[in-house]
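Subject: Structure for you to look at

Hello,

Here is the structure I said I would pass on. Please open it beside this message and follow along as you read.

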Amino acid sequence: MINHINNKHFIEGVSLEDISQAHPTPFYVYSQSKITSTYESLKNTLDTEIFYAIKANSNQAIIKLMASLGAGADVVSVGELERAITAGVSSKKIIFEGIGKTKKDIAYAIEKNIRLINVESIDELERIDKVALHQNIKVDIGIRLNPNIDGKTIDKITTGKKTDKFGIDTDQLEEMFQILKDLQNVNLISISCHVGSQIFSINVFIKIFQKMKNNAQIFIDKGYSIKHVDLGGGLGVKYQENKEALNLKLLKEELNKCFNDTPYKLSFEPGRYLVANAGILITSVITTKNNGGINFLITDAGMHSLIRPALYQAHHEIEAVNKDSNEFINYTIAGPICESSDIFAKNIGLPKQKVGNLLVIKDTGAYGKVMASNYNSRGLPLEILVNNEDFVVIHQPLNVKEFIALDQIPEWFN
Ligand code: LLP
């Protein structure tokens, strides 16, 4: 995403140096052209409908961009549903998933007349029918299946094994069909699954395709008119130069092989794939120190700005903006939060750095800002979108002081 020209760091036609003069670190920068080209090449290769999983990056401007490119939205809460609608995603291109939908959530989704509600349990199926009956409407639903497939990805982001909490266990289908027979206010037209995130193995995708095809046939044989099969998200993203990218062409070949004569439409719901490589997090060095022989660079971004390294031991490449020194040092890059898990990278070689220098934490467009917090009351990072020669702030968080609201502490507190 970064082009190096005359010792400057460019995102499209804007230099990082210019952005950092205008705004305090830490901040995220996204490239509009990178998101656009990634979306278009994915869409052209897969040639299926795409529902952007907005949990990956739910900034209004990013959702709006996806909508303008033609993407639908996969949402998992009323908050995300509101965001998608506000950003201009047509309600008929919104799918509502999520493991914990209350009656109120369901009522809201029905009111908004969205494409589908994907059902995650038999209990929820009955709840949707009741709410729809109350609203005197018949609502289109899909069944999220738990296909019992190991996504061969890290445990914390695997979702498709029998023992995971997601989807309806395919062993419970008979029981579900019995219950469904008596429900008058739901119209079953789709099945879906999502096996996990960061999947690179084509064999895992082949298993997903075959299982979903077999399951669709089970539903069709039962008399349901399945119009749509959603194959989930999870498309793997390259975070390291020396790693192989997901082979999308091969994925498409396998998709065609499996579904060449089927009567329903296919879709995917990727999040990470569309935005991860289109974002970077910029941070400043606050302190340099050596403890026990380890050279630390303490930065103003931390696990409160990007939690992936602390939570999943996720790898993000880090580049120093200032490369003036000929002396190379092995650094551990750590945030300012009072936890030892607040580390971005250990033992990486960089030209010698000093206080105030900028570092770029790469490929942070997905699950970065959306998972940031106010931990240690440090406040949230700013977000900036670059488009050609221009850049614009697309999210300006409230200042920490504004949410302390000391004047609202009740008198009895003393
Ligand atoms: N569909 C459903 C039902 C999902 O639960 C997810 C992600 C997606 C689609 C999009 O998956 P993707 O294409 O982005 O892999 N916070 C973690 C990732 C959690 C993913 C949760 N579900 C991380 O930072 O790695």
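Which residues are the closest to the ligand, and how many surround it? The ligand is surrounded by 18 residues, and the closest are Ser197, Glu269, Arg272, Arg308 and Tyr367. A residue is near a molecule here if one of its heavy atoms lies within 4 Å of it.

Before going on, some ground rules. This is a predicted model, in which local features need pLDDT of at least 70 and side-chain atom pairs count only at pLDDT 80 or more, while totals for chains, interfaces and linings use all residues. Residues are numbered from 1 along each chain as its sequence is written, and side-chain values use heavy atoms, with hydrogens and water left out.

The ligand

Ser197 has a polar side-chain atom 2.3 Å from an oxygen atom of the ligand. Gly271 instead uses its backbone, with an N or O atom 2.9 Å from a ligand oxygen. For Tyr312, a polar side-chain atom is 2.8 Å from a nitrogen atom of the ligand. On its own the ligand has 590 Å² of accessible area, and the protein covers 92% of that. Such areas come from the Shrake-Rupley method with a 1.4 Å probe; for residues, only the protein chains shown count as cover.

By residue class, the shell around the ligand holds six nonpolar, five polar and seven charged residues. Ala, Val, Leu, Ile, Met, Phe, Trp, Tyr, Cys and Pro count as nonpolar, Asp, Glu, Lys and Arg as charged, and the others, Gly among them, as polar. Why does the ligand lie between domain 1 (2-29 + 276-406) and domain 2 (90-270)? Because both domains give residues to the shell around it. The domain bounds come from an automatic or database domain assignment.

The core

The largest nonpolar core has 104 residues. Such a core is a set of buried Ala, Val, Leu, Ile, Met, Phe, Trp, Tyr and Cys residues joined through side-chain atoms within 4.5 Å. Buried means under 20% relative accessible area, exposed over 50%, and partly exposed in between (1.4 Å probe, protein chains only). The residues with the most contacts inside this core are Ile141, Ile143, Met176, Ile208, Phe209, Phe219 and Leu231. Helix 8 (residues 202-221) gives the largest share of the core, nine residues. Helices (H or I, at least four residues) and strands (E, at least two) are DSSP runs, numbered from the N terminus. Domain 1 and domain 2 both give residues to this core, so the core lies between them.

Residues in helices and strands

Gln210 also lies in helix 8. It is partly exposed, because its relative accessible area is 43%. Gln210 and Cys258 are 48 residues apart in sequence, with 6.6 Å between their C-alpha atoms.

Glu40 sits in helix 2 (residues 32-46) and, at a relative accessible area of 40%, is partly exposed. Its C-alpha atom is 9.6 Å from that of Leu274, 234 residues away along the chain.

A polar atom of the Thr332 side chain lies 3.4 Å from the backbone nitrogen of Asn347.

Lys346 belongs to strand 18 (residues 343-351). Its relative accessibility is 61%, so Lys346 counts as exposed.

Residues in loops

Thr25 and Pro26 are joined by a cis peptide bond, with omega about 0°. Pro26 is in the loop between helix 1 (16-22) and strand 4 (27-31).

Asn7 is not a glycine, yet its phi is positive, near 65°. Its loop runs between strand 1 (3-5) and strand 2 (8-11), and Asn7 is exposed, with a relative accessible area of 74%. Asn148 also has a positive phi, near 55°. It is found in the loop between strand 9 (139-146) and strand 10 (168-169), and at 38% relative accessibility it counts as partly exposed.

Regards

Terms used:
A polar contact is a pair of N or O atoms within 3.5 Å; within protein, one must be able to donate a hydrogen and the other to accept it, and residues adjacent in sequence count only if both atoms are side-chain atoms.
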